[in-house]
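Student: I have a model open and want to learn how to read its features. Where do we begin?

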Amino acid sequence: MRRRWFSRLVTVQCLTLSGLTLSGLPLAGLGLQARGADTVWDGVYSAAQAARGEKAYMRACGGCHRDDASGGDDSEPPLRGPNFTSNWEGASVAVLYDFIATNMPRTRPGSVPLEECVDIVAFLLKLNEMPEGTRELTTDIKALAAIRFTATKPAR
């Protein structure tokens with residue numbers, strides 16, 4: 001299962017590096033769409049998890065993406081704002097989590113513990129003004145696959 005996710009992520013990474021975004025891809029064909037009703041706007045992380053994620057981000061990500069997540073000098077993308085949110089639009093949170101877990105940091109891919117990777121995802125959701133809740137994201141890829149990343153709050 002890990003290899004299947006990795007191969008999909010390599011495809012996404014190559015397309016992203018070439019300037020394409022997830023929002024323009026047929027996500028269903030790649031198996032990257034979220035399968036559940038939850039979105040990142042449903043309070044899927046806790047304040048405590050985002051705080052842990054901020055510490056992990058500063059250690060593992062801030063050096064390249066900057067402490068304020070505005071992007072780096074060597075074309076590292078910003079991790080906050082419309083460029084970030086539109087890039088992940090329609091994907092499941094599992095894709096973002098697995099991308100971080102298997103590809104980051106670029107100098108030591110896969111070196112960040114999985115628990116810290118999911119905390120970093122929580123921090124990125126907070127940075128992008130998605131609401132906190134009382135539950136925490138887990139490292140369970142199936143649970144994360146049930147949460148859809150949307151740039152704007154869906155009308156309900």
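Tutor: Begin with the helix labels. Helices are DSSP runs of at least four residues, numbered from the N terminus. Keep in mind that this is a predicted model. Leu-127, for instance, lies in helix H7.

Student: Is Leu-127 buried or exposed?

Tutor: Buried means under 20% relative accessible area. Leu-127 has 16% relative accessibility, so Leu-127 counts as buried.

Student: Which residues does Leu-127 touch, beyond those up to four places away in sequence?

Tutor: Leu-127 touches Ala-69 and Arg-80. Ala-69 is 58 residues from Leu-127 along the chain, yet their C-alpha atoms are separated by 8.5 Å.

Student: What should I look for in a nonpolar core?

Tutor: In soluble globular proteins, nonpolar side chains tend to be buried together. Here the largest nonpolar core has 40 residues. Leu-125 and Leu-137 have the most contacts inside this core. Helices H3, H5, H6, H7 and H8 each give two or more residues to it. The largest share, nine residues, comes from H7.

Student: Which residues is Leu-125 in contact with, leaving aside neighbours within four places in sequence?

Tutor: Leu-125 is in contact with Val-40, Val-44, Tyr-45, Met-130, Leu-137 and Phe-149.

Student: How many aromatic pairs does a search of the whole structure find?

Tutor: Three. For any pair, check the ring centres and the angle between planes. Planes under 30 degrees apart count as stacked, over 60 as edge-to-face and the rest as tilted. Tyr-57 and Phe-123 have ring centres 5.4 Å apart and planes at 45°, so this pair is tilted. Tyr-57 sits in helix H3 and Phe-123 in helix H7, so the pair ties together parts that are 66 residues apart in sequence. Tyr-57 is buried, at 0% relative accessibility. Phe-123 is buried too, at 6%.

Student: What about backbone geometry?

Tutor: Most residues other than glycine have a negative phi, and most peptide bonds are trans. Look for the exceptions. The peptide bond from Met-104 to Pro-105 is cis, with omega near -10°. Pro-105 is in the loop between H6 and H7.

Student: Where does Arg-66 lie, and what is its phi?

Tutor: Arg-66 lies in the loop between H4 and H5. Its phi is positive, near 75°. Arg-66 counts as partly exposed, at 36% relative accessibility. Glu-129 also has a positive phi, near 60°. Glu-129 lies in the loop between H7 and H8 and counts as exposed, at 67%.

Student: What does the side chain of Glu-76 reach?

Tutor: The backbone nitrogen of Asp-74, at 3.0 Å. Beyond residues up to four places away in sequence, Glu-76 touches Cys-64, His-65, Gly-71 and Arg-106.

Terms used: Residues numbered from 1 in each chain as written. Predicted model: local features only at pLDDT ≥ 70, side-chain atom pairs only at ≥ 80, totals over all residues. Heavy atoms only, no water. Core = buried A, V, L, I, M, F, W, Y, C linked by side-chain atoms within 4.5 Å. Buried < 20%, exposed > 50% of the residue type's maximum accessible area, 1.4 Å probe, protein only. Contact = heavy atoms within 4.5 Å. Phe/Tyr/Trp six-rings, centres within 6.5 Å; stacked < 30°, edge-to-face > 60°. Polar contact = N/O pair within 3.5 Å; in protein donor to acceptor, adjacent residues only side chain to side chain.
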